[in-house]
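Subject: Structure handover

Hello,

Here is the structure for you to look through. My notes follow below it.

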Amino acid sequence: MRSQETDRVFQSLEEFRIEIPSWGFANTGTRFGKFTQAAAATTPEEKFSDAGQVHLLTGVCPTVALHVLWDLPEGIQNTDKVNKLAARYGIRPGSINPNLFQDQVYKYGSFGNPDLSIREQALRHVKESIEIAQHLNSRDISLWFADGSNYPGTANIRQRKRWFEEYLRTSHAALAPYQRMLVEYKPFEPAFYHTDLADWGMSLLMARAAGPRAKVLVDTGHHYLSQNIEQIVAWLLSENMLGGFHFNDRRYADDDLTMGSIDPYQVFRIFNEILFFERETGKRADIAYMIDQSHNLKNKIEAMIQTVVMAQQLYSKAALVDHKKLAEAQNDADLLGAESILQDAFATDVRPAIQEWRASKGMPTDPLNAFRESGYLLRITKERAARSAQSVSSYA
Ligand code: RM4
Ligand code: MN
Ligand code: MN
């Protein structure tokens with residue numbers, strides 16, 4: 001690799017940070033079965049400890065996303081404890097995820113529920129989540145709604161849209177000036193006929209209706225298979241409406257597999273659109289990169305380290321694209337030239353340069369190997385085995 005390329009990789013690694021999810025360390029499963037892991041985290045403390053390990057070994061995951069119901073079951077009361085855990089384990093709270101789908105009352109929806117008192121209950125939970133975020137000094141409130149219906153004719157789609165607009169606007173008004181609201185979409189599941197916020201256009205309209213600090217959250221697993229995700233990303237960037245990502249990979253639907261495990265070129269193309277935008281405009285896109293995965297079969301901490309390593313590789317490969325040359329080739333309608341610029345960058349082996357960068361930071365050059373040698377897994381497996389067999393959280 002030429003030294004100019006190494007410089008680009010180094011620079012990209014300096015700027016790239018990615019948030020890990022607390023729920024990625026807990027026992028989860030599918031609707032058919034849960035395979036518990038003796039080392040899985042069952043308490044917020046254990047989740048912070050595991051997340052702290054990932055950050056310690058990679059240096060690029062300074063924040064952990066929290067789910068209010070699972071990590072702060074007593075709400076605001078728990079924020080002191082969480083702040084202490086953050087200090088103890090060297091990783092800060094990141095995005096705060098309200099839970100508007102697990103409680104029995106949400107059987108027919110949250111902000112879209114025909115029952116006013118349930119819509120109000122959902123609103124109280126979002127407002128409490130915003131307050132929790134303020135106590136934790138967290139910037140982003142990340143909203144995902146399971147709302148939808150299973151059978152034609154059973155839900156008033158336009159009425160529900162109005163409720164969503166109204167309740168999102170009211171939620172937005174509770175944000176502190178430094179905070180943002182991210183609106184996630186998903187085409188189906190758990191609802192199988194209609195989902196209220198099913199695609200990026202719906203999230204975009206809702207975010208616009210909510211207020212200026214509401215942006216769209218793109219979960220890469222939340223699209224139909226042939227959809228062009230990087231085009232959605234490019235459009236959201238040009239509308240200044242892209243707020244963040246939930247990264248995961250999939251073969252079929254919302255599979256939540258390890259990022260880049262099925263289609264690394266897809267992730268590369270997303271990063272390429274972002275870096276193209278940044279270089280063309282001279283502005284940094286204000287995007288929260290987050291992982292939304294929960295591993296049922298792989299060891300959870302190892303899978304998270306593997307994900308972070310892959311994310312760094314794909315981001316720095318995209319940073320190798322010469323966007324000036326790419327723009328010229330596009331202008332000249334030099335199709336092969338333009339396409340090769342992407343393909344050559346993607347084919348470049350950035351791993352040696354990344355290792356060099358890690359060494360320059362005093363980090364282990366191979367974080368996964370360092371984890372395996374650290375003895376951490378052995379220790380927590382012994383400590384947690386009895387409790388973890390009892391504890392399974394649900395996950396959509
Ligand atoms: C959803 C979505 C959300 C996540 C929930 C648990 O499918 O991806 O981001 O919080 O699952
Ligand atoms: Mn998600
Ligand atoms: Mn999902």
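First, the ground rules. This is a predicted model, where local features need pLDDT of at least 70 and side-chain atom pairs count only at pLDDT 80 or more, while totals for chains, interfaces and linings use all residues. Residues are numbered from 1 along each chain as its sequence is written, chains are lettered from A and ligands numbered from 1 in the order in which they are written, and side-chain values use heavy atoms, with hydrogens and water left out.

**Helix α5**

Helices here are DSSP runs of H or I with at least four residues, strands are runs of E with at least two, and both are numbered from the N terminus. Helix α5 covers residues 116-135, 20 residues in total. From first C-alpha to last, α5 reaches 29 Å, close to the 28 Å expected at 1.5 Å a residue. (The expected span is 1.5 Å times one less than the number of residues.)

Buried residues in α5 include Ile118, Leu123, Val126, Ile130 and Ile132. Buried means under 20% relative accessible area, exposed over 50%, and partly exposed in between, with a 1.4 Å probe and protein chains only. The cover over the buried residues of α5 includes α3 (68-71), α4 (79-89), β3 (92-97), β4 (140-143) and α6 (157-173). Just after α5, Asn137 has a positive phi of about 60°.

Ile76 sits in the loop between α3 and α4. Ile76 is partly exposed, at 24% relative accessibility. Leaving aside residues up to four places away in sequence, Ile76 touches Glu128, Glu131, Ile132 and His135.

**Aromatic pairs**

The whole structure has 24 aromatic pairs. Rings of Phe, Tyr and Trp (its six-membered ring) pair if their centres lie within 6.5 Å; planes under 30 degrees apart are stacked, over 60 edge-to-face, and the rest tilted.

Phe16 and Phe271 are edge-to-face, because their ring centres are 5.7 Å apart and their planes at 85°. Phe16 is in the loop between α1 (3-15) and β1 (20-21), and Phe271 is in helix α9 (residues 264-281), 255 residues apart. Both Phe16 and Phe271 are buried.

Tyr265 and Phe346 make a tilted pair, 4.8 Å centre to centre with 50° between the planes. Tyr265 is in helix α9 and Phe346 in helix α12 (residues 335-347), so this pair ties together parts 81 residues apart in sequence.

One aromatic cluster is formed by Phe16, Phe245, Phe247, Phe271, Tyr289 and Tyr315.

**Pocket and cavity**

On a 1 Å grid over the protein atoms alone, a cavity is a set of points where a 1.4 Å probe fits but cannot get out; a pocket is an open set with protein on both sides within 12 Å along at least five of seven lines; lining residues have an atom within 4 Å of a point.

The second largest pocket holds about 460 Å³ of space. Of its 21 lining residues, the closest to the centre are Glu19, Thr63, Ile287, Ala288 and Tyr289. The largest share of that lining, 4 residues, comes from β3.

There are 2 cavities of 30 Å³ or more. The second largest cavity has a volume of about 40 Å³. Its lining includes Phe25, Gln37, Asp50 and Lys300.

Volumes are the space filled by probe spheres set on the grid points, which are joined across faces, edges and corners.

Best wishes

Conventions
Contact means heavy atoms within 4.5 Å.
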